[in-house]
Amino acid sequence: MKKQLLKAIKYTVIGGMLASILFAFNLPQVAEAKTTTVNEEPKVSYWTRQQAQNFKLSSKNTSPEIDKYFPLAVNNLWIWDTWPLTTEEGKIAKVNGYKVIFALTAPRSIGWNDRHFEAAIRYFYSKDGVSWKMGGLAYKNEDALGQMQWAGSSIITKDNKVHLYYTATGRSGAKNDPRPENYYNLEQRIVETSFDIKEDKKKKSLKLSNWSKHKVILQPDGKYYQTKEQSLALNAPIVYSFRDPSFFKDPKTGKKYIIFEGNTGGDNPVVQKQNIGNWEYRKNNPVPEGAEKYNGNIGIAELKGKSYTDLKLLPPLLDATGVNQQLERPHIVVKNSKYYLFTISHAFTYAPRLQGPDGLYGFVSSSLQKNYKPLNKNGLVIANPKDNDVQTYSWLVMDNLTVLSFINEVKDHENNDNTILGGTFAPTLNISLDKDTSKITGVLPYGAIR
Ligand code: FRU
C-alpha cells in the first residue's frame, strides 16, 4: 500500500516536472495528456431551441408516399407502435426459425382515437419476416397492470426467457374500468413480465406460457423525471410521460439499461440558457411564455448486476425543456462505436414558436451518457411527405438500420384529402448513418423485418 503510494507520488512529481519543462520550451504537453483520464461522468445533453429549427424536407429524410390501397395486417384490429423480439445485443431473435414482433393493438370496432384507451399488446410471428400471423395477447389479460398497456420492448435471454417491458397506463388490471374522463390523469408506470416462448409444431405456431408476476420496475422520482402530480399542478398542455421503455445493453461495458420517455421533474420548470442556444441566438430570440411547460426528456435507468427488473434511475440522457413535450419511444443503436439515440415526436408537441414535423429524430455521441448532438444539425431523420404529413408514425430503428413504423392517417388526394385511417404496418424503411448525418436509402415490404 505504502509502496504504491510512494510510486504514485514519484510519478506525479516526475510528471509535473516534465510538464513544466515542456511548457518552458513551448512544446506540446505530451506528458500531461497521458496522465488525464477520460471523464465518464454522465452529463445531461440538450436539444436546444436553436438546434430544433430549419426543418427542411429532402430526399434524404422524406419517406415515400403511402399507397392508399395499403393492405391491413389484421382486419379487425388497429395496430400501431410495433417492436421486434431481439437478443440483448439488439439483433432480431429467432425462435425455432420464427421472427417475432409485439405491437399495440385494439379492436377496429372502437374509434381510432379511442384505441389508446383500449390498447393491449399482441404478438405476431413469421418465418419470412413479412407475412405475420397473430399469436394473441402477449399476457393473460387479468394479469396485466394498468388500465391499458402502452409501448415497450422485448428481449430474449440465453436461457430462452422473454422479458417484456411495457407501460402500464392508468390503474387496475381489469379492462372494464370507466374510460378516463381526463386524458391528463393517466398515470404511467414501467412494468416487466417474463415468460417462455415455444413452438407448437402441429399447429405451426408459437405459444407463450409461464408468465412471471407483472412487476412495476420504474416510477418517476419528481427530481429528474416529472410525476403525474407535478404535471397536473403545472397545468401542462399535453399529457406528461413516463413510458415507452426500451432495453439497451452497452456493447462497450456490458451494462444493461432501460431507456424511456420522460419529462423534466421539479415543481417550477424553467427554460435555462442551455435549453435555448448561444448568446447571439438568445439575444435575438426571446423564449415565449409557456415554453417551460414543454419539458420532454429521454430517461435512462441502469439494471443492477444480473437483474432484469432491479433498476437505478439515472439523470436523463437528453433534455428538451422549452423545445418539445414528447420524446416518444426513445431507443439506442450503436454503430462504428457511436451511440445513436432515436426518438419520435409530433408537430403539435413543439413548444411555442418552434415548428417541426411528425418525425423520427436522432442524436449521436461517442459516450452513452453525455455529449449528444442532433443528427443533420437539427435532429430530423425521417419525416412524411409535405402533403401527407401524418401518413406514418412511430418509427423504430433496428440494429441493422431498417426502420419499422405504422400507417397512421393517409390523405386521399383523389377524394378531397379525406382521411384514410391506417392502423397497420407501414413499409419498412432502410437508413444509413454516416457520423452525424443520416439518409433514407430504401423501402422494404409492409412490416418487413430483416
Ligand atoms: C406513440 C405513443 C406512445 C405510447 C402509445 C400510446 O405512438 O404515443 O408513446 O406508448 O403511443 O398509444
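A polar contact, as I use the term, is a pair of N or O atoms within 3.5 Å; within protein, one must be able to donate a hydrogen and the other to accept it, and residues adjacent in sequence count only if both atoms are side-chain atoms. The model is predicted, so to speak of local features requires pLDDT of at least 70 and side-chain atom pairs count only at pLDDT 80 or more, while totals for chains, interfaces and linings use all residues. Residues are numbered from 1 along each chain as its sequence is written, and side-chain values use heavy atoms, with hydrogens and water left out.

I begin with the ligand. A ligand oxygen lies 3.1 Å from a polar backbone atom of Ala 151. For Trp 80, the distance from a ligand oxygen to a side-chain N or O atom is 2.9 Å; for Glu 328, the corresponding value is 2.6 Å. On its own the ligand has 310 Å² of accessible area, and the protein covers 93% of this (Shrake-Rupley method, 1.4 Å probe).

The surrounding residues, near by the criterion of a heavy atom within 4 Å, include Asp 81, His 116, Arg 243 and Tyr 393. Strands S2 (77-86), S6 (148-156), S11 (243-249) and S20 (392-397) each give two or more residues to this shell; strands are DSSP runs of E, at least two residues long, numbered from the N terminus.

I turn now to the sheet containing S11. This open sheet has five strands in the order S1-S14-S13-S12-S11, with mixed pairing, where pairing requires at least two DSSP bridges between two strands. Strands S12 (256-263) and S13 (295-303) run antiparallel, joined by eight bridges. Within that pair, Ile 259 has Ile 300 of S13 as its bridge partner.

Key:
Helix = DSSP H or I, 4+ residues; strand = E, 2+ residues; numbered from the N terminus.
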